[in-house]
Amino acid sequence: MDGADPIEVREGVDRETVEQVAALAGAYKHGWETDVEMEFAPKGLNEDIVRLISEKNGEPEWMLDWRLEAFRKWREMDEPDWSMVRYPPIDYQDQYYYARPKSMEVKPKSLDEVDPELLRTYEKLGIPLKEQAILAGVEGAADANRKVAVDAVFDSVSVGTTFKEELAKAGVIFCSISEALRDHPELVKKYLGSVIPQADNFFACLNSAVFSDGSFVYIPEGVRCPMELSTYFRINAENTGQFERTLIIAEKGSYVSYLEGCTAPQRDTHQLHAACVEIVALEDAEVKYSTVQNWYPGDEEGRGGIYNFVTKRADCRGDRSKVMWTQVETGSAVTWKYPSCILRGDDSQGEFYSIAIANNAQQADTGTKMIHLGRNTKSRIVSKGISAGRAQNTYRGQVSMHPKAAEARNYTQCDSLLIGGKCGAHTVPYIEIRNNSARVEHEATTSKVDDDQLFYCRQRGMDEEEAVALVVNGFCKEVLQALPMEFAMEAQQLVAISLEGSVG
Amino acid sequence: MAANPGTPVGLNPNGRRARNAKAKRDATEARLAPLSPPEGPVWAADARAEALERVRAMGLPARSDEYWRYTDPSTLTGQGAPSAAPLGGDEGQVFGEVDALRIVFVDGVFDPGASGDLTVEGVEIARLADAADIHWARGLYGALEAAGQDPVDRPLAAFNTAFATDGVLIRATGRAARPIHLVYRHEDATSDAVLHHVVRVEEGAEVTVLETGPAAARFNKCLEVDVADRAAFHHVRAQGRDHDRRAATAMFARLGAEATYKSFTLTVNGVLTRNEHVVELSGDDAVAHVAGAAVGDGATGRFHHDDTVFVTHDAERCESRQVFKKVLRNGARGVFQGKILVREGAQKTDGYQISQSLLLDDDSQFLAKPELEIYADDVVCSHGSTSGAIDGTALFYLRSRGVPAEDAADLLTLAFLAEALEEIDDDALAADLRDRLAEWLTRRR
């Protein structure tokens, strides 16, 4: 930041916060392209393209039928218009739906066979595809033996997956979804679309028809996954949509922590990304799903950037199962994303922690759904939205207590911060209570700082500003701490922001 | 595109949205076909013609509309009112002790015999049906309703402007000597009443409007209130407790600088009630409080109560409060859709919104959508929404002190409603309504 700072800031807003947000938007670090020879399916979308994608992935017949069924449904559907995001109509015929590096035509048997140019891409992103102890760039990790397995997806294909063998020893299956369709078709067939049905919504339906690759995770009964799993998505080719599909199955009593990261080159045109993530948690299983979404956000004038339309849903099928979504959303021109939990099992739990930052012309409409079906189910929602420039940031959430969800509990807290007078911050909660033993509390306040805590700090001799900083910091950490360490480091760099003087 | 014409770009011609839009157009035209505009002054005829165009353009509400997500409008929009037996009895007694000008409508028809002379010191009063062609309400009738159509369609209010048979035009030029009490009697089991009132409170003036009674089997009422700088408008309403009546009411208010607007509504029973409130704070330092208490027992018919409130801050240092409480039992359904919109430049806004429900048994439902939409960075806005059963600990405490279980439950229920009743400035009016609530609780045991 030079001296000529154009942003007017009212008193009480921390200057550092403003600069951090500006710095975030100013320099998109991952805006470069990888120059590899690509192979595209013809532009546009029709049944032949769907067939072609299925064929390229070498899929069984039932999978193709499922895709075609989705495609036919999609043609009858409307693009959603209820979110607070505005963009020119998307021409779905003016996109490529399949793009893969030529070198991936014959699937490499191991990482050693992968085109070095692709490996360099991930190295440059800080995600070297080597079976090393920890992700590069994470300094001072407490435990040097921590391991993270990575599945790297480049446009429409998975480039490679690390630590597969070590995971296999524990019984964990971690591979691309195309491999899973080949090697474990019965599992895919049983669970695919069982959490997000084909026609769930326009974008999920499109994804069901044309998804190209994505990750597949299966954690067997009683297994605590020996390392964190992660998928890194990279959009590289121009005019190409990315449609990945992730399926995570956690059997009884299992545990897994899964991380997802994404980036894209800097271009003047918008690119479409419509992903689906399905999670099935059976009895006593626990899944942590963490995302740092850093797609290219477009420039200051709103040229370019990713249109990010994502459906993520977890089905807590088993009693006492638990799913935790944590997201740090900083990228994309348009974000439309509501990671949700269906709390079907008795005593199951859902949690959602989110920090969404929108700057310049970015628009984010994001939140969660907590659908309480089982008895004694619990959910917790903590959402922080930060808007700057001309950005619009909306929290949209649903908490639904069904008649049989006796003694269910929900607590929701949404806070928003506006930096400058040209942006917007919005809160759109839907609260549906259909039984009287359920207790729901929703709060969205500007007084981010709890008066009691503030009073306590001041009583101990802190001045007001110090007290506010301490309390706010503590609260922001609550979200950041929900992230696994590797991501927490990255997220902290993205979000090292104080929420002083914020507005709700 | 030609290769694949069925693929959506923008609106899908094969999609549900296109089908819904067509169904809505057809239903609206069918509803409007047999209707003709009522008689009245020339200026009203012009405003009605414009309102009719608005209805046509928007279409009457349908369940597929986001704004009618939780309330089925079909019996409010359909041809003819579903039958509703008048309860009779003590309805007329609410605010019976208050010294006020009573203006009585029976099933939407003015009753001159039961009404007082339309004179109150500091106020000019006329009826819409026989207002002069040169009148202060010209240019105001339907104007706030029209302005309130953005950003959300309110077609039932536009329908009201187009077809209201009567209403009261109230212009306060000073401090009104006594309140104006609009009494709505319901006698005919199939009456379908449409009334439209306009209130203009001139600079520095002050007036109180009371409304009581069930009005009709189906009642569509619109009240436009234009509050000038430093003027004050007070409104207290008790919607009649006929079990089967239906009502769609809309209040549109515009506030000048340092103006005050306070409205409270008590709803007891009624099979279907939709109360919309649209308030625009357009002068600096204005204050608007909108509150409501609803108690409903699903077993006496059904009970569905919907409070839909939209407060827009378009000036600096304004304050708004929304306080809505509901007590629901036996499958009663309560809806709250509230919104605070703070426009760019409306700095130092203080916006507050709370919606709470007490569910007295397992079958009742509370559906809420409390929204904030904020485009200014120096504001304090908060909203909260809670729902739950009577606090078992509090109940136990009272019982341990010798209070019988039923009395204890009533006491806690009244305490829950108190925050909304406190929004009424006039203690006598508040006390009258508190007695009504206590009676309701006792009757329901």
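Here are some notes on the two-chain model above, point by point.

1. Ground rules. This is a predicted model, where local features need pLDDT of at least 70, side-chain atom pairs count only at pLDDT 80 or more, and totals for chains, interfaces and linings use all residues. Residues are numbered from 1 along each chain as its sequence is written, while chains are lettered from A and ligands numbered from 1 in the order in which they are written.

2. Helices α2 and α3 of chain A. Helix α2(A) covers residues 47-56 and α3(A) covers residues 61-74; they pack at an angle of about 150°, with axes 10 Å apart. (Helices are DSSP runs of H or I, at least four residues, and strands are runs of E, at least two, numbered from the N terminus; axes are lines fitted to C-alpha atoms, for helices over the stretch in contact, and angles run from 0 to 180 degrees between N-to-C directions.) The two are therefore roughly antiparallel, a label for angles over 145 degrees, with under 35 counting as roughly parallel, 65 to 115 as roughly perpendicular and the rest as oblique. Their crossing is right-handed, meaning that the near helix is turned clockwise from the far one by less than a right angle, with anticlockwise giving left-handed.

3. Who touches whom there. From α2(A) come Glu47(A), Val50(A), Arg51(A) and Ser54(A), and from α3(A) come Met63(A), Leu64(A), Arg67(A), Leu68(A) and Phe71(A). Contact here means C-beta atoms, placed from the backbone, that lie within 7 Å. By class there are five nonpolar, one polar and three charged residues. (Ala, Val, Leu, Ile, Met, Phe, Trp, Tyr, Cys and Pro count as nonpolar, Asp, Glu, Lys and Arg as charged, and the others, Gly among them, as polar.)

4. Helix α3(A) has another partner. It packs with α8(A), residues 202-210, at an angle of about 145°, with the axes 7 Å apart. This crossing is left-handed. On the α3(A) side the residues are Arg67(A), Ala70(A), Phe71(A), Lys73(A) and Trp74(A), and they meet Cys205(A), Leu206(A), Ser208(A) and Ala209(A) of α8(A). That contact has six nonpolar, one polar and two charged residues.

5. The helix pair in chain B. Helices α7(B), residues 405-421, and α8(B), residues 427-443, pack at about 150° with axes 11 Å apart. That makes the pair roughly antiparallel. Here α7(B) passes α8(B) in a right-handed crossing. The α7(B) side uses Asp410(B), Thr413(B), Leu414(B), Leu417(B) and Leu421(B), and the α8(B) side uses Ala430(B), Leu433(B), Arg434(B), Leu437(B), Ala438(B) and Leu441(B). The classes are eight nonpolar, one polar and two charged.

6. Where the chains meet. Chain A and chain B each put 44 residues into the contact. In chain A, the elements giving two or more residues are β22 (409-419), β23 (424-433) and β24 (439-444). β23(A) gives the most, with ten residues. The chain A side divides into 17 nonpolar, 16 polar and eleven charged residues.

7. β24(A) and β19(B), residues 380-388, pair in the antiparallel sense over five bridges; pairing needs at least two bridges found by DSSP. Within it, Glu443(A) stands opposite Gly384(B).

8. Two backbone spots to look at. Most residues other than glycine have a negative phi, and most peptide bonds are trans. Arg320(A) has a positive phi of about 60° and sits in the loop between β13 (305-316) and β14 (322-329) of chain A. Asp150(B) and Pro151(B) are joined by a cis peptide bond, with omega about 10°; Pro151(B) lies in the loop between α4 (143-147) and α5 (155-163) of chain B.

9. What the records say. UniProt (unreviewed entry) places "domain: SUF system FeS cluster assembly SufBD N-terminal" at residues 165-224 of chain A, a stretch that is 47% helix and 15% strand. For chain B, UniProt (unreviewed entry) lists "domain: SUF system FeS cluster assembly SufBD core" at residues 191-416, where the chain is 9% helix and 60% strand. Such annotations may be inferred rather than shown by experiment.

Key:
Two residues are in contact if their C-beta atoms, placed from the backbone, lie within 7 Å.
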